[in-house]
Each structure stands twice: as structure tokens, then as C-alpha cells.
Amino acid sequence: MRAQTVDVRESTGRILCCTIFKPGGRKLLAKGHLLSEDDVKLLQFEGLDEVWVTELEEGEVGEDEAVRQMSAEVGCGCVEIRLAAGGRANLFATEDCCLLVDDELLRRINCVASVVIATNLNFSFARAGQRIATVKSAPFAVARAQLEALTNILREQGPILQARPLRVPSVGVLYSDPVHGGKSQQLFEAVMFQRLDRFGTRRSYSLAVTEDEIPVARCLQHLLKAKPTAILVASTTAPAGPEDVVGRAMLRIGCHIERFLAPVEPGNLMMLGYSEEVPIVSAPGCFRSVKPNVVDLVLPPMLARYRISGWEVACLGHGGLLG
């Protein structure tokens, strides 16, 4: 890239090095703008004789073209790309969705100074129309070889961001208490409604049960017959893992216990299991308050029908102190 001051009449096809303002302070043309013949006439009309411009050298790609190429490889799913001025492209969700972000790949790309990418958090919920990522180029130009290397990495390893839509999710809720299941339903139902409403969904099926292994197992089986996207167990007692009543009931019906204990506060005592592809989450105490807790972190990917692994739960520790 070579910058120089040239006569306005010779500036067609070159790139502005600085923003040009009218005398009153209003922006006329932005930095990085590719000057057309009409732009040259406009600058002459405004009384400019010279402009500071740059032109691409062999082996370079302009900033706008660089972000256009990069943004096409960054995301997948329900994503819309909108180019913006100044070497930027923004990615927007076209549906309510959960964002899945490859943190390691994102760091690798961002270590290269020519293009940087910012995204929302992994597992975060996004509304339709919300900006979920932005791609920004270095000013004016990027080396073509470097740009090709970056886009090849993304093509080989997959996109950094997946916007996974939440399409008609259904949630089964099991309220349980050692004395009377109706007590936990009375305590937790209003909070449950508010929590699910955050993610644009509603409780589809619910049961209340006295906290005993066989009745809890039967209720879980009844909820599973309705084929919910996920099941939440709202218990008034704290679990001791797979050995407690809820854990034993999950094992009784053939659940795989994926993870007990989450590095998230509030919500350390979360237990996650799977009955085939249906996640079952027991998170005692997390339904007493609408304040963010571990359920708010794991529910969006579950509603998007993404299978969370125990390793991914372990990774929630970075940023897991919620309150």
C-alpha cells in the first residue's frame, strides 16, 4: 500500500486515507472510501484541489473485499452478513438461536493482525435481528496471501460461529419435594415461567412428585413419552450426585449421567444426564430466583438441540462466577 497526496482530478479509483468533512463538520466521504468519478466531481465542487489517498499494490486486497471474503467463512446457520463502511462486516441472527463459538479457532484467527473477529459468548442466546459477530480489517489493505491463508483455515476447520436456531422447543418440568411435590411446584412455577420466557419458550409439560426413587423415575418416563427437547428437575433439596433420589431415578430409567458439579456459581450442584438424546438437568436451588445461574448457561444450547458434553460444562468455569 502506498499513500500520497494527489490532485483531485487524478484520484479516481484510489482510496481515501482520511475522512473528509464539510466546513460545518458534516462528513462528506469516509476514510477507506474508493473514489469514483462522481466523488471526484463532488470534491471539486466542495473546493478541494488535493486529497490524501492510497492505492493497492500488487498482492493486496482492499479492506472491504477482505472482510467480505472473511465474513463469508466465519459463521453458519441462521446468519445474515451485512457489510458496513470502513472495512467491517457484521453478522446478524435471522432467527432466535443459540450461539456455538469455537474459542480456540477464534483465538488463532485473531492472532493475525490483518483481520480481527469479535463474537458473543459461546452458548449465549440471541434474538432474531441481534448482532452476533463483527469482522474488522486492518485499514485500507490486507496481503492477499495472508487473507487466503486465513480463509483456508476456516474452510478446513469449519466456521468459528454457528447460529443454531431454536425451532419450537418443548420443555418438560418435574417438580419434586421430599414431603409433597405440589410444594415445589407452588414455590418454583412462577420463576420457571420467567426463566423460560427469556428464551422465547414455554413449559410444555409438567408433573409434581414426592421425592422418592420409583415415583420420580415413573414421572421422568411419562415426560419422556411426550418427546420434549429438554427436561428440568426443580427440586427443593440439594442433590448428592448420582447417589441421591433424582440421580438414582435417572439411572433407573437408563440415563447416562454426563456430569455432576458445574464450575458455575450459582449452580454448582447441577447434574446433567441424557436419556438417549434428551437432556435432563437437576439444578436444586436454581429455580428459587430469576437471577442468572447455571440453568441460564446450559438451557439455550439444549433448546437448540445441541448435546452438551461434560467437558463443555467444565469449560464454563471461565466466566462462571455469575453473582
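I began with Arg127 and Asp96, whose side chains meet in a salt bridge at 3.4 Å, N to O. For a salt bridge I took a side-chain nitrogen of Lys or Arg within 4 Å of a carboxyl oxygen of Asp or Glu. Arg127 sits in the loop between β12 (125-126) and β13 (131-137) and Asp96 in the loop between β9 (88-93) and β10 (97-101), so the pair ties together parts 31 residues apart in sequence. Helices (H or I, at least four residues) and strands (E, at least two) are DSSP runs, numbered from the N terminus.

A note on the model: it is predicted, so I kept in mind that local features need pLDDT of at least 70 and side-chain atom pairs count only at pLDDT 80 or more, while totals for chains, interfaces and linings use all residues. Residues are numbered from 1 along each chain as its sequence is written, and side-chain values use heavy atoms, with hydrogens and water left out.

**Accessibility of the first pair.** Arg127 is partly exposed at 36% relative accessibility, and Asp96 is partly exposed at 23%. My cut-offs: buried is under 20% relative accessible area, exposed is over 50%, and partly exposed is in between (1.4 Å probe, protein chains only).

Searching the whole structure gave me 13 salt bridges. Side chains of opposite charge can pair when their charged atoms come close.

I next looked up Asp296 and Arg195, which form a salt bridge with their closest N and O atoms 3.1 Å apart. This pair links distant parts of the chain, with Asp296 in helix α8 (residues 294-303) and Arg195 in helix α5 (residues 181-198), 101 residues apart. Asp296 is buried at 11% relative accessibility, and Arg195 is buried at 1%.

Then came Arg307 and Glu277, another salt bridge, with the closest N and O atoms 3.5 Å apart. Arg307 lies in the loop between α8 and α9 (310-314) and Glu277 in the loop between β20 (271-275) and β21 (278-282), so parts 30 residues apart in sequence are tied together. Here Arg307 is partly exposed at 35%, whereas Glu277 is exposed at 60%. I also noted that salt bridges with shared partners join Arg195, Arg198 and Asp296 into one network.

**The largest pocket.** I read its volume as about 880 Å³. A pocket here is an open set of points on a 1 Å grid over the protein atoms alone, where a 1.4 Å probe fits, with protein on both sides within 12 Å along at least five of seven lines; lining residues have an atom within 4 Å of a point. The volume is the space filled by probe spheres set on the points, which are joined across faces, edges and corners.

Which residues lie nearest its centre? Of the 28 lining residues, they are Asp103, Leu121, Asn122, Phe123 and Cys315. The largest share of the lining, four residues, comes from α3. The lining divides into 14 nonpolar, eight polar and six charged residues.

**Nonpolar cores.** The largest has 34 residues, with Met270 and Val294 making the most contacts inside it. A nonpolar core is a set of buried Ala, Val, Leu, Ile, Met, Phe, Trp, Tyr and Cys residues joined through side-chain atoms within 4.5 Å. α8 gives the largest share of this core, six residues. Apart from this core lies another, of 29 residues, including Leu91, Leu99, Val142 and Leu150.

Methods. Ala, Val, Leu, Ile, Met, Phe, Trp, Tyr, Cys and Pro count as nonpolar, Asp, Glu, Lys and Arg as charged, and the others, Gly among them, as polar.
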